[in-house]
Amino acid sequence: MKFSTCNEVIKLISQAPNKTSQLDPVPTWIAKEFSNLLAPFITLLSSKSFDRGQHPQSFKHAVVLPLLKKENMDPTQLSNYRPVSNLPFLSKLLEKAIAERLRQHLKEINGIPKHQSAHQRRHGTETALLKVINDLLLSADRGEVSALCLLDLSAAFDTVDHPLLPTQLKERFGVIGKALGWFQSYLHGRTYSVTYGTSMSDVVHLLSSVPQSSVFGPLPFVLHTAELEEIADEPV
């Protein structure tokens with residue numbers, strides 16, 4: 001799961017958005033400008049991380065910035081905010097490498113639910129709606145009656161269970177050995193602080209959830225909820 005070459009690291013750095021987390025020791029633009037010098041060290045860091053099955057502890061802390069979901073929403077209502085997790089730049093590079101390897105593995109075993117549109121390339125709300133509308137029209141053509149059941153998960157990423165997810169990765173998706181150990185390490189010991197204006201909260205230790213707006217976070221959520229498709233297909 002580690003970086004294949006320094007050139008891969010340089011490419012990922014060049015493609016990264018020019019955003020800097022307050023957890024970073026230097027701005028992202030500096031990392032981009034000196035990517036040739038940094039790439040060998042980042043490659044070695046990723047190799048050590050993956051070979052030992054350990055995600056660096058310093059990469060597990062996030063600074064959460066609450067942002068209004070829409071500009072016209074009432075800022076006094078906490079439910080109108082979306083928590084955006086700012087993570088260290090190097091952490092996002094490692095997560096990018098992991099996500100790409102895991103996607104390759106899932107593609108080989110056909111592990112992604114075929115009707116999953118969320119967080120999938122070339123998929124989104126439009127493909128999900130097209131699927132639902134098409135099924136309803138076909139059902140109507142056959143003279144059948146349709147009922148639509150919607151499940152809305154509040155703070156969906158917070159529903160990812162840390163002890164349960166590794167079990168799902170092993171038993172359902174065939175992730176074993178050091179790879180499984182890395183995922184367990186990635187989940188264990190995560191913390192965050194909330195920043196608003198000039199104020200910073202105390203550190204909070206997480207027992208569940210994956211970081212909102214992280215590079216890797218959406219993929220574990222998709223795998224964690226994969227069983228829902230099978231449950232929905234069961235005859236009533």
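Two strands count as paired when DSSP finds at least two bridges between them. Helices (H or I, at least four residues) and strands (E, at least two) are DSSP runs, numbered from the N terminus. Everything shown here comes from a predicted model, in which local features need pLDDT of at least 70, side-chain atom pairs count only at pLDDT 80 or more, and totals for chains, interfaces and linings use all residues. Residues are numbered from 1 along each chain as its sequence is written, and side-chain values use heavy atoms, with hydrogens and water left out.

**View A. Strand β1 and its partners β3 and β2.** Let us start with β1 (residues 61-68), which runs parallel to β3 (residues 191-196) and is joined to β3 by 4 bridges. With β2 (residues 81-86), β1 runs antiparallel, and 6 bridges link the two. Look for Val-64: this residue stands opposite Val-194 in β3, and its bridge partner in β2 is Ser-85.

**View B. The largest pocket, about 1800 Å³ in volume.** On a 1 Å grid over the protein atoms alone, a pocket is an open set of points where a 1.4 Å probe fits, with protein on both sides within 12 Å along at least five of seven lines; lining residues have an atom within 4 Å of a point. Grid points are joined across faces, edges and corners, and the volume is the space filled by probe spheres set on the points. Here 33 residues form the lining, and His-115, Val-132, Cys-149, Leu-150 and Ala-232 lie nearest the centre. Helices α5 (125-141), α8 (218-224) and α9 (227-233) each supply at least two lining residues, with the largest share, 8 residues, coming from α5. By class, the lining has 19 nonpolar, 9 polar and 5 charged residues; Ala, Val, Leu, Ile, Met, Phe, Trp, Tyr, Cys and Pro count as nonpolar, Asp, Glu, Lys and Arg as charged, and the others, Gly among them, as polar.

**View C. The second largest pocket, with about 780 Å³ of space.** Of its 27 lining residues, Tyr-81, Arg-82, Pro-83, Ala-155 and Asp-158 are the closest to the centre. Our strands return here: β1, β2 and β3 are the elements that give two or more residues to this lining. The lining of the second largest pocket divides into 16 nonpolar, 6 polar and 5 charged residues.

**View D. Helices α6 and α7 packed together.** The axes of α6 (residues 164-171) and α7 (residues 177-187) lie 10 Å apart, at an angle of about 160 degrees. This makes α6 roughly antiparallel to α7, a term for angles over 145 degrees. Axes are lines fitted to C-alpha atoms, for helices over the stretch in contact, and angles run from 0 to 180 degrees between N-to-C directions.

How values were computed
Parallel < 35°, antiparallel > 145°, perpendicular 65-115°, else oblique.
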